[in-house]
Amino acid sequence: MNYRNESTDRLFQAILSLKTTEECYRFFEDACTVKEILDIAQRFEAACMLDEKQSYQEINKKIGISSATIGRVSRSLFYGAGGYKLVIDRMKESG
C-alpha cells in the first residue's frame, strides 16, 4: 500500500507546524482516538528502551506491551526506514 501522497504530505506538514507539546496534544486529540495515541506512545517507548539495550521482558514488565509488538518495533528500529533511530538520536542530542 502506497501511503505517500498529497494528503499524507499535508498531514506531515501540519505535524511539523506544531510548536509545543500542548499543541501536539490538541492536534492528536482531534485527529486520533486516545487508544491510537497511547499505542503510538507505547511503541515509541519500546523503541527507546530497545535502543537502550533493555530486554523484551523488561519492556513488557515496564509498559505492558506484547512480545509480538516489541518484535515489530525491534524490526522497525534495527531494519526499518530509520525513523525511530533518527528521532531517538535527535532527542539524545538535545538532552
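**Notebook: helix H5 and its neighbours**

I began with the buried residues of H5, which are Thr69, Ile70, Gly71, Val73, Ser74 and Leu77. This is a predicted model, and I read every entry below with that in mind. I then looked up what these buried residues pack against: H3, H4 and helix H6 (83-94).

I compared the spacing of that list with helix geometry. An α-helix has 3.6 residues a turn, so residues three or four places apart point the same way.

Next I checked the length of H5. Its 13 residues should span 18 Å at 1.5 Å a residue, and the end C-alpha atoms are 17 Å apart, which agrees.

**H3 against H5**

I took helix H3 (residues 34-51) with helix H5 (residues 67-79). They pack at an angle of about 65°, and their axes are 9 Å apart. I noted the crossing as right-handed. On the H3 side I listed Arg43, Ala46, Ala47, Leu50 and Asp51. On the H5 side I listed Thr69, Ile70, Val73, Ser74, Leu77 and Phe78. Sorted by class, this contact has 7 nonpolar, 2 polar and 2 charged residues.

**H4 against H5**

I turned to helix H4 (residues 56-63), whose axis comes within 10 Å of that of H5. The two cross at roughly 120°. This crossing is right-handed. From H4, I found Tyr56, Ile59 and Asn60 in the contact. They meet Ser67, Ile70, Gly71 and Ser74 of H5. I sorted these residues too and got 3 nonpolar, 4 polar and no charged.

**The loop between H3 and H4**

Which residue here has a positive phi although it is not a glycine? I found Lys53, with a phi of about 70°. Lys53 sits in the loop between H3 and H4. Is Lys53 buried or exposed? Its relative accessibility is 67%, so I put it down as exposed.

**Aromatic pairs**

I looked up ring pairs with centres within 6.5 Å. The count came to 2 aromatic pairs. One of them is Phe27 with Phe28. Their ring centres are 5.3 Å apart and their planes stand at 90°, so I logged the pair as edge-to-face. Planes over 60 degrees apart count that way. I checked accessibility for both rings' residues. Phe27 has 25% and therefore counts as partly exposed. Phe28 has 26% and also counts as partly exposed.

Notes
Residues numbered from 1 in each chain as written. Predicted model: local features only at pLDDT ≥ 70, side-chain atom pairs only at ≥ 80, totals over all residues. Heavy atoms only, no water. Axes fitted to C-alpha atoms, helices over the stretch in contact; angles between N-to-C directions. Helix = DSSP H or I, 4+ residues; strand = E, 2+ residues; numbered from the N terminus. Left-handed = near helix turned anticlockwise from the far one by under 90°. Contact = heavy atoms within 4.5 Å. Nonpolar A, V, L, I, M, F, W, Y, C, P; charged D, E, K, R; others polar. Phe/Tyr/Trp six-rings, centres within 6.5 Å; stacked < 30°, edge-to-face > 60°. Buried < 20%, exposed > 50% of the residue type's maximum accessible area, 1.4 Å probe, protein only. Expected span 1.5 Å × (residues − 1).
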